[in-house]
Amino acid sequence: MSHPLLPVLRRARVVPVVRTSTAAHAVTACSWLREAGMTVLEITLTTPDAVALIKELAGEPGLIIGAGTVPDESAAEACLAAGARFLVTPWVDPAVIALARAAGAAAMPGAMTPTEIRAAVAAGADVVKLFPASSAGGPAHVKAVRAVFPGIAFCPTGGVDAGNAPAYLAAGAAFVGIGGKLVDEARIAAGDKPAILRAAHEVMGIEQA
């Protein structure tokens with residue numbers, strides 16, 4: 001049985017990956033993305049004060065907040081306590097997956113090869129994050145692994161943007177993660193809100209394959 005959050009993520013098509021060098025830039029990015037109408041946000045733990053931001057946003061009605069780049073069990077516990085609805089890791093960590101499932105959150109470990117994907121599934125992954133997607137072969141890689149794992153929900157991340165996201169979805173991705181191409185820190189630092197809003201509206205206009 002799939003996680004109840006999965007249909008929501010499929011409908012969203014795009015999960016913004018918020019990774020900035022300062023907490024202030026992350027707060028600004030989230031505010032602008034929300035203004036554009038995006039209601040699913042992944043806050044990476046490489047961002048300063050990420051857990052505090054997760055806690056603040058998780059209390060907002062209508063938002064689904066997840067934690068990204070979760071490195072270990074203690075970090076996972078902190079994110080879950082803060083209200084994270086999904087946990088994303090760059091690799092397969094069975095302990096983090098188990099914590100997410102026990103808390104009712106979706107587990108989204110990163111994998112690239114068939115062996116890693118199988119390990120993620122065996123550990124109880126709800127979604128497999130294909131990372132890094134672009135260097136793994138792009139949409140062609142998604143299509144190839146989908147042939148072997150037809151029942152698995154894949155989320156390619158890494159090098160995904162509005163231009164190539166439709167190809168990833170057409171190849172069988174359940175949804176995609178977009179970071180720097182959407183959360184452009186240089187534009188955020190410059191206060192270029194219109195550019196971020198344009199980028200958000202562009203990816204929100206991507207059609208589901």
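Hi everyone. Before anything else, one definition: a residue is called buried when its relative accessible area is under 20%. Keep in mind, too, that what you see above is a predicted model.

Let's begin with helix α5, which runs over residues 94–102. Which of its residues are buried? They are Val 96, Ile 97 and Ala 100. These residues sit on the same side of α5, because they span an arc of only 100° around the axis. And what lies over them? The cover includes helix α4 (73–82), strand β4 (86–89), strand β5 (106–111) and helix α6 (114–122).

The N-terminal end is capped by Asp 93, with a side-chain oxygen 3.1 Å from the backbone nitrogen of Ala 95. Just past the helix comes Gly 104, with a positive phi of about 80°.

Next, the largest nonpolar core, which has 61 residues. The members touching the most others are Leu 33, Ile 43, Leu 87, Val 176 and Leu 182. Helix α2 (residues 23–36) contributes the most, giving six residues. There is also a second, separate core of 15 residues, with Leu 5, Val 40, Cys 155 and Phe 175 among them.

Let's pick out Ile 43. If we skip neighbours within four places in sequence, its contacts include Val 18, Cys 30, Leu 53, Ile 65 and Gly 68.

Last stop: Ala 167, in helix α9 (residues 165–170). Is Ala 167 buried, partly exposed or exposed? At a relative accessible area of 36%, Ala 167 is partly exposed. Its C-alpha atom is 6.0 Å from that of Pro 139, 28 residues away along the chain.

Conventions:
Residues are numbered from 1 along each chain as its sequence is written. This is a predicted model: local features need pLDDT of at least 70, side-chain atom pairs count only at pLDDT 80 or more; totals for chains, interfaces and linings use all residues. Side-chain values use heavy atoms; hydrogens and water are left out. A nonpolar core is a set of buried Ala, Val, Leu, Ile, Met, Phe, Trp, Tyr and Cys residues joined through side-chain atoms within 4.5 Å. Buried means under 20% relative accessible area, exposed over 50%, partly exposed in between (1.4 Å probe, protein chains only). Helices (H or I, at least four residues) and strands (E, at least two) are DSSP runs, numbered from the N terminus. Contact means heavy atoms within 4.5 Å. The arc is that of the directions from the helix axis to the C-beta atoms. A polar contact is a pair of N or O atoms within 3.5 Å; within protein, one must be able to donate a hydrogen and the other to accept it, and residues adjacent in sequence count only if both atoms are side-chain atoms.
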